[in-house]
Every structure is written in structure tokens, then in C-alpha cells.
Amino acid sequence: MKNKILILFSILSLLVLLALEGHLLLNTYKLEIKSYKNDAVRHIFKIYNQSYTDSIYWLYRDNLKSNIKTYYQKEQSIGDLFRNFSNNNKSLNSKFNSFIGSELAELTEHQIQIKVSLKELLLYRSASRTDTLFSELNGKTNLILGHNFNNKEGTIINTSVWKDHLSTEQQYPYFNSKTTIYINTPNLTSDVLSGMLWIFIVSLIIFVFVVLLFYYSISNLIKQKKNSEIKTDFINNITHEFNTPLSTIQISTKMLLNDKVINNPKAIKSTVETIERQNKRLQSLLDQVLSRSLSKGGQITMRKEETLISEYISNIINDYKLTIADKNIDIFNSITPSTDIVKIDKFYFSVVLLNILNNAVKYKGTHIEVIFKFNHKKNYFELIVSDNGIGIDKTDKAMVFEQFYRVSENLKHNYKGLGLGLFYSQEIVKMHGGSISLVSDLGIGSSFIVKVPIK
Ligand code: ADP
């Protein structure tokens, strides 16, 4: 429960951290955009206020005014007015663009475009008569100077109205021209994002690092908890395991002191046999615990010797059969005698086979088969022990080779054990350079497959 709360809090704090990081990045992005745009405006004004730009501007005004005059004197239509104006304006515009472009290049690496656009052009013939020569409201746009980008892409930085009389002596006719200056920064997003790339990378690295740190700490915590649970299980188990033979020996020795038993050789024999069996049981328990503490420090020292393998395995199986009192249990030795010799540690290898055989019997196998195969091509031999016992569930399969692991369902049924046999067997097989695997179906049976390289 404590762990779950801790994990929940860790995930929550990670999410908060992620949100905070996202918020900071977004704010930085917005600020960068703002300063990028401010810089662009500053640069444009700086250039715009220069005398060269001013002179171009005056030329454009003269051009417009003379075209309006010609229109007023009925020498051209509105269409001609703008055609002529635009034609005259072309060369001015190319000068304007190249000047602005070269000046901007000295100020900034960013691409900035300017557009001076006509909004409205009204000609006041008299107090009561006005011609609308141009109005943006009619859905048209008219470029005066700069780049012809869409108005929606730009930002307005200035709007001005210029009033001028066609003749110096009279109030009428005069015209009003309303112009707007737009600027456009086409690479704004990509420039800002690439400028922020290192911030993204550093934030990502920090975030990944924190996630890994969380993951490492939590998985360590879970491992520690599991270890301590396993140890408690082990102690409970071992106490129980040692208690049974000890109390049987205690009762048996008391019985030996009983007059009825002393005078009955048959009873003495059977009691001594019980003591012997329990003694063996204690010995085997002690062996398991000892071998566990030896293997823990990697202290198993192998003494491999050349072994006539088929005969060696058959002998172990035959000896084992003798120890089984239950007549319902059949152990089939499907090994074909051969003269193949392999190098193994005889003592430790017998421990592996006996552990697996013991388990097959303990976990209710009545039909147990041992198969031995050579794979000369791939240079290994394979020992398979199959039983028709209770089998192992899918989820437990991966765990049974772990130290102290016992299938919890089996604990309820009180199968005695310490959860060390398979762990220890796997260690020994690994020391031989081999592997041990398991095929099992719950309720059907299990097969343990030991593969060991020949050389
Ligand atoms: P144990 O002393 O508990 O038998 P092992 O390491 O030998 O320890 O086995 C680990 C667990 O694997 C056992 O507790 C048991 O639940 C399961 N197991 C091992 N062999 C078999 C088998 N042949 N059939 C069913 N379950 C098995």
C-alpha cells in the first residue's frame, strides 16, 4: 500500500514536472516570438527613417499625384490611373526592395518583409462631390512599395493619411490617400524554434533523466520489498521444515526408551529407521541451505571430469527409484546406452537431476519420464524430465527459478520445500555453460529441459 502511494505520488510529481516544463517552454516561446517581432519593427523603422527611403517615398507621391491630376483632367480612366501608377512605381519598388534588403541584411539574419499598401484614395472635387478612386473595402489590395504578401500574414505597424491639393491656389480639388505599413516575418516560427532547440534538448534530457531516476528508485524499492518478503517466507518455511523431522526424532528417541519398544526388536528397527529417514531429511535440508549460501557468493567450484553420460544418468535414476516407496509412481528411463563422454561435475550434476526428479514426485507426478538426447551438430546434450503432476501456471513459470520462489497456490496445499531447488539447479547448469527451461501446463504436467554444451 505504502509503495502504491509512493508510486502514485512519483507519477503525479512527474506529471506536474512535465506540465511545468511545458508551461515554461511555452512561455519562453511566446517571449521569443514577441522579441523577434519587436526587433523586426525596430529594424524596419530604423531603415524607414533614412533619407534614401524618404526620397523614394517622395517620388512615389509625385507619381501618384500626377496620375490623379491626369485623371481629373479626364485624360485617363481610374483603370488607366492605377495601371500607369503601378508601371511607374515598378522601378521605384525594385530600388526600395533592394535598399531595404541590403540594409536589413546588415542588421539581422532573419528574413523580414515590408509592404506599404494603399487603403483608400479619395478625390474631393468639391464640398459635395467626392470620387472614391480606391478602397480596400471593395476587396482589392494595392501595393505601393515592398513585398506583395497577403495582408493577413502581416502585422500593421503604421497607418498614415496624406492630404494634397492638385493646385496650390484652390482648396478643391484635393485628394486623401490612406496607407498602411505591414511587416511580415515568414520564418518566424522556424527561426524561433531552431533558436530554442538547445532548450528543448536540455529539458528533454533532464526529464528523461528524472524519469529514469524515478524508475530506478521505485524498482529498487520494489525489489527490496520483495526480497524482504521472500526472506520472511524462507524463515517461516525453514522453521517449519526443520521442526517436522526434529520433533519426529524427539518422539522416536522417547519411544526407544519405552520398555515395550526396548523388548521388541521389530519396533526398535522401525523406530531407528524412522530416525534415520528424518536424519536424512535434516541432512538434505541442511545441504540445500548450505549450498544456497555457498552459491550466493559464487563459490561453487566445479570439478569437471569425463563422464560416460548415459550410464551416469541411468545410475542416478535407478538409485532414485529405490528410494521411492510409493508403488503408484513410475519413473521411465528412456535413455539409450551410448559411449558418449562429456565433461561434467558429477556431484553437482546429480544434484540437478535429483532436484528435478524430487519435484516431479513431490508435485504429484505419477508418470515421470527421463529422456536424454545428443545434438552433435549443435554440440550440446539435452536432458528432459517430464511429469504428469500438478503443473505450473503461466505467470509462475518465469519465477520458479528464482531464489526462494514457491508457487503460492502450492503453499496452501502444504507441499514442503524451501524454494531453492530450481534456483540452485539453474546455477549449476549455468556453471556448466548450459541453460534450464520449463514447459508446463497447469493441471497437466511439467517438463524441465536441461541443455549443456558438450565442449
Ligand atoms: P521447492 O523447494 O519449493 O520445491 P523449487 O525451487 O524446487 O522449490 O521449486 C520452486 C517452485 O516451483 C515450487 O515451490 C513449485 O511450486 C514449483 N515446481 C517445481 N517443480 C515442479 C513440478 N515438477 N510440478 C509443479 N510445480 C513445480
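Author: Buried means under 20% relative accessible area, exposed means over 50%, and partly exposed lies in between, with a 1.4 Å probe and protein chains only. This is a predicted model, in which local features need pLDDT of at least 70 and side-chain atom pairs count only at pLDDT 80 or more, while totals for chains, interfaces and linings use all residues. Residues are numbered from 1 along each chain as its sequence is written, and side-chain values use heavy atoms, with hydrogens and water left out.

Reader: OK, how many salt bridges are there?

Author: The structure holds 7 salt bridges, each being a side-chain nitrogen of Lys or Arg within 4 Å of a carboxyl oxygen of Asp or Glu. One of them joins Lys-373 to Glu-382, with the closest N and O atoms 3.9 Å apart.

Reader: Is Glu-382 buried or exposed?

Author: Glu-382 has a relative accessible area of 13%, so it counts as buried, whereas Lys-373 is partly exposed at 43%.

Reader: And what does Asp-131 meet in a salt bridge?

Author: The side chain of Asp-131 meets that of Arg-125, at 2.8 Å from N to O. Asp-131 is buried because its relative accessible area is 11%, and Arg-125, at 15%, counts as buried too.

Reader: Switching topic, where does Asn-93 sit?

Author: Asn-93 is in helix H3; helices (H or I, at least four residues) and strands (E, at least two) are DSSP runs, numbered from the N terminus. The side chain of Asn-93 reaches the backbone nitrogen of Gly-146 at 2.7 Å, and, leaving aside residues up to four places away in sequence, Asn-93 touches Leu-143, Ile-144, Leu-145 and Gly-146, where contact means heavy atoms within 4.5 Å.

Reader: Now the ligand: which residues come nearest?

Author: Of the 21 residues around the ligand, Asn-359, Tyr-363, Arg-406, Asn-410 and Leu-422 come nearest, a residue being near if one of its heavy atoms lies within 4 Å. An oxygen atom of the ligand is 2.8 Å from an N or O atom in the side chain of Asn-359, and an oxygen atom of the ligand is 2.5 Å from such an atom in the side chain of Arg-406.

Reader: How much of the ligand does the protein cover?

Author: The protein covers 98% of the 530 Å² of accessible area that the ligand has on its own, computed by the Shrake-Rupley method with a 1.4 Å probe.

Reader: Which element gives the largest share of the shell?

Author: The largest share, 3 residues, comes from H9.

Methods. A polar contact is a pair of N or O atoms within 3.5 Å; within protein, one must be able to donate a hydrogen and the other to accept it, and residues adjacent in sequence count only if both atoms are side-chain atoms.
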